[in-house]
Amino acid sequence: MALDADISDTAETAGDPKLEAFAAEARAFVAQHAPARPPAAELVWGEGPDVISAIGGSSDEPEELAKAQAWRALLFDNGYGWLSGPTEYGGGGYDVAYEDRFAQVLDEFDTPDQGIFSVARGMVAPAVQEHGSAELKERYLRRIHRGELIAAQLLSEPEADSDLGGLKTRAVRDGDEWVVNGQKVWSSNAHVAQLGQLLCRTDPDAPKHRGISMFMLDLDTPGVEVRPLRQMNGEAHFNEIFLSDVRVPHANMVGDPGGGWRAVITTLMNERHVVATGNGSRSEFVEKLFALARHKGATKDPVIRQRLAEVHTYDRLLRYLALRQEAALAAGAVAGPEGSIGKLLYSGQLKRVGVLAAELAGPAFAADNGEWGTFAWSGYLNGTPGLRIAGGTDEIQRNTLGERALGLPKEPDPSKTAK
């Protein structure tokens with residue numbers, strides 16, 4: 001089955017002389033510090049690493065982390081680390097289009113993976129920038145975008161399920177500090193992070209969404225215990241965090257007391273945008289699925305061909321959607337509930353690919369017989385449920401789209417039903 005050519009990312013920007021002059025200057029700078037990426041070669045069955053990952057991310061090994069942080073610092077110190085950020089906090093003051101164009105330039109080179117910073121830069125920093133005090137912005141924004149701080153979200157809780165507003169972690173005011181007790185879970189990269197975005201209940205008598213506040217928490221604070229969680233695919237990407245009499249300065253509160261829900265909505269909208277646009281290009285696992293089908297001689301089966309066509313169609317839809325959202329941001333829009341569309345499509349694509357790969361691989365999917373490109377799909381499929389939960393479950397995404405994007409009536413809330 002033939003695959004169509006990649007869509008050009010530069011079609012709408014190629015005619016802008018200032019943007020292209022910037023791209024030429026940026027390309028010359030990056031070329032001094034990183035080798036050019038070789039042209040993408042067609043996947044050859046049996047060659048290359050036999051690893052298939054459902055959710056991309058950088059390594060948390062110390063050596064790889066050091067490389068990633070050194071590269072981010074180099075970019076930031078030379079004006080490329082936060083092109084669209086305000087200049088008073090180390091940003092470049094450029095239009096968002098310059099961020100997109102620089103990302104295209106970076107794709108031409110082999111540079112250290114920056115996925116470890118996606119939570120800090122794409123999710124935590126926007127909440128601080130929009131809702132934080134001048135002191136918090138000065139303290140954290142520059143360090144986040146320079147790569148000095150890896151951040152984790154301390155939002156979800158074991159008893160709250162998908163209802164983030166039902167969190168129970170308490171923060172009690174004690175002079176200029178808040179004393180926090182509770183537990184968080186599913187905190188990606190918390191085992192290597194220095195900073196936590198913490199959501200607590202500060203007013204138990206207020207309606208649930210109005211009694212919540214957000215804090216920036218230094219994770220080396222006494223009373224913070226981080227425990228990695230082993231996932232069923234063998235990785236330990238997520239963590240649970242126990243908070244025992246943790247003292248957080250009042251100055252670390254993001255916004256006003258009880259204003260945490262507004263701040264976390266900013267985080268969640270940006271998180272869904274990151275997922276929707278960050279996975280917009282054709283993923284390696286899609287290419288490997290097509291290669292597996294060819295290897296198994298299944299591409300002549302009309303049913304398999306139809307399912308491969310479905311995968312290909314959704315792959316293109318994700319790409320078009322990512323370009324559309326990037327164009328909207330470049331035009332001045334802010335990340336909104338439409339980000340849930342991309343997250344839903346992508347999590348559905350992960351499952352669609354994994355189920356078909358399992359059928360094509362047959363028994364080799366579950367028992368490692370040494371055959372390249374078969375048993376590796378087991379780890380992939382076991383990792384796919386993570387994205388259907390992380391950042392809000394699929395059900396939450398549908399509610400968000402129905403209520404916030406389409407204006408449909410809210411679902412009945414048993415907690416508000418009159419007795």
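Q: Which residue does Glu159 meet in a salt bridge?
A: Lys168, side chain to side chain, at 2.8 Å from N to O. Keep in mind that this is a predicted model.

Q: How many salt bridges are in the structure?
A: There are 17.

Q: Which one links distant parts of the chain?
A: Glu310 with Arg352 does that. Glu310 sits in helix α8 and Arg352 in helix α9, 42 residues apart. Their closest N and O atoms are 3.8 Å apart, and Glu310 counts as partly exposed at 34% relative accessibility.

Q: What about Glu64, what's its salt-bridge partner?
A: Lys67, with 3.9 Å between the closest N and O atoms.

Q: How are Glu64 and Lys67 placed in helix α2?
A: They're 3 residues apart in that helix, which runs over residues 62-77, so about one helical turn separates them. Glu64 is partly exposed, at 36% relative accessible area, and Lys67 is partly exposed too, at 41%.

Q: Switching to the inside. How many residues are in the largest nonpolar core?
A: It has 30. Those with the most contacts inside this core include Tyr140, Ile144, Leu195 and Met214.

Q: Which elements each supply at least two residues of it?
A: The helices α4 (118-131), α5 (134-145) and α6, plus the strands β4 (195-201) and β5 (212-218). The largest share, 7 residues, comes from α4.

Q: And what does Ile144 touch, leaving aside its neighbours within four places in sequence?
A: Ile144 is in contact with Ala120, Arg121, Ala125, Leu149 and Leu195.

Q: What other core lies apart from the largest one?
A: One of 25 residues, among them Phe290, Leu292, Val311 and Leu318.

Q: What's the lining like by class?
A: It has 8 nonpolar, 4 polar and 2 charged residues.

Definitions and conventions: Residues numbered from 1 in each chain as written. Predicted model: local features only at pLDDT ≥ 70, side-chain atom pairs only at ≥ 80, totals over all residues. Heavy atoms only, no water. Nonpolar A, V, L, I, M, F, W, Y, C, P; charged D, E, K, R; others polar. Core = buried A, V, L, I, M, F, W, Y, C linked by side-chain atoms within 4.5 Å. Buried < 20%, exposed > 50% of the residue type's maximum accessible area, 1.4 Å probe, protein only. Helix = DSSP H or I, 4+ residues; strand = E, 2+ residues; numbered from the N terminus. Contact = heavy atoms within 4.5 Å. Salt bridge = Lys/Arg side-chain N within 4 Å of Asp/Glu carboxyl O.
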